[in-house]
Amino acid sequence: MINNKKKNIETLAEVFQICQNNAKATSIDSFLKESELSKLLSGSDLQRLIDGKACFSKETVMAVYGLLPLKLKFDDIELNLFPQTFYRLNHRAGKQDDVAVINISLAQANEVYQEQTIAKLKYVKENMSRLHHENDKAKNPQALKDAYRRYYQNLPEQEKKRRNEKRKLQMRQYREAHPETIQINNQKAKERLSKLSEIEKLNKKIQNRLRSKKYRETHKEEIAARNKLYLANLDPEIVKQRQQKYNQSEKRKESSKAYYEAHKQEIMQKAKNNPRTKINQQRYKAKKRFQERTGTKILSLLQALAEAKSR
């Protein structure tokens, strides 16, 4: 039987083996009925195909293709089965020893061809580029990613910006149109994350932070401009209230304390080198002197004067 971990189809027999595996039918007869291959094949015909002992005539091969699924599902990937590939595999099978041509009624084959194959061939032709791209991506996803990355890096900055904006708009529209799908996908992502080991979780967290840091450094000006525009469109009073609320939160106090402890020497050195530090210290001393010494005397004198005037 076929190895579902393969990433290519090499024989005509493998096509029917994987089709039967995908269908998960309990018997050959039920598979033929569910796939409609019973219009052209018998149980013994299918068994000979699976055993690599049969092929089709040139007049009937495309009729059979019309009844097969376009996508063949392996364990890890899906591959599109093109008519040229199916025809080539059939031709190759016909050259093998002990392989016989299956006797299929030409009238019945022509009926299937008219009803199903023509529409399928039209669909494949109209979507040829996309279907080939799907196969390339399934067989070697990393190579395709690397090729696209090289292509993207050579684009002008204006084109990169245009593509990024278009992609963001498409994602926003998709999220708005499919909130249930987004929720399901988020739940699946959480489940996958929960199954990872602690080391894998930590590694994933580190990689995410590195990507975020790289993005912030690369798009520093763009992020600043976007944030500035966002704040400019907000009500100043709302911004002020949010900032006050955030500054008073326990999380803010904890993060500020943690930052100070981690950068204590650096902060002290900056304060020492700041020309305003001396001025602020003098103001602070004057304020404390007024509160503890001068202020009490002045307040006493003012109180005495007020009492004297009232007499």
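In the protein chain, 62% of the contacts between residues at least 6 apart in sequence join residues at least 24 apart, where contact means heavy atoms within 4.5 Å. The model is a predicted one, in which local features need pLDDT of at least 70 and side-chain atom pairs count only at pLDDT 80 or more, while totals for chains, interfaces and linings use all residues. Residues are numbered from 1 along each chain as its sequence is written, and side-chain values use heavy atoms, with hydrogens and water left out.

**Overall form and surface**

- The protein chain has a radius of gyration of 37 Å, whereas a compact globule of 311 residues would have one near 19 Å; the radius is taken over C-alpha atoms, and the globule rule is 2.2 Å times the number of residues to the power 0.38.
- The C-alpha trace of the protein chain spans about 130 × 45 × 40 Å along its principal axes.
- The secondary structure consists of 16 helices and four strands, these being DSSP runs numbered from the N terminus, with helices (H or I) of at least four residues and strands (E) of at least two.
- Of the 311 residues, 23% count as buried, a term that means under 20% relative accessible area, with exposed meaning over 50% and partly exposed in between (1.4 Å probe, protein chains only).
- The protein chain exposes about 24,000 Å², of which carbon and sulfur atoms supply 52%; accessible areas come from the Shrake-Rupley method with a 1.4 Å probe, and for residues only the protein chains shown count as cover.

**Lysine 160 in helix 9**

- Lysine 160 belongs to helix 9, which covers residues 157-177, and with a relative accessible area of 14% lysine 160 is buried.
- A polar atom of the lysine 160 side chain lies 3.4 Å from the backbone oxygen of glutamine 153; a polar contact is a pair of N or O atoms within 3.5 Å, of which, within protein, one must be able to donate a hydrogen and the other to accept it, and residues adjacent in sequence count only if both atoms are side-chain atoms.
- When neighbours within four places in sequence are left aside, lysine 160 is in contact with Tyr152, Gln153 and Leu155.

**Loop residues**

- Most residues other than glycine have a negative phi.
- Glutamate 36, although not a glycine, has a positive phi of about 70°; glutamate 36 sits in the loop between helix 2 (28-35) and helix 3 (43-50) and is partly exposed at 34% relative accessibility.
- Aspartate 98 also has a positive phi, near 60°, and is placed in the loop between helix 5 (83-94) and strand 4 (100-101), where aspartate 98 counts as exposed at 63% relative accessibility.
- Phenylalanine 74 lies in the loop between strand 2 (71-73) and strand 3 (78-80) and is buried, with a relative accessible area of 7%; its C-alpha is 8.2 Å from that of asparagine 22, although the two are 52 residues apart in sequence.

- Alanine 262 is in helix 14 (residues 250-262) and is exposed, with a relative accessible area of 59%; alanine 262 and lysine 287 are 25 residues apart in sequence and 31 Å apart from C-alpha to C-alpha.
- Isoleucine 267 is in helix 15 (residues 264-273) and is partly exposed, with a relative accessible area of 30%.
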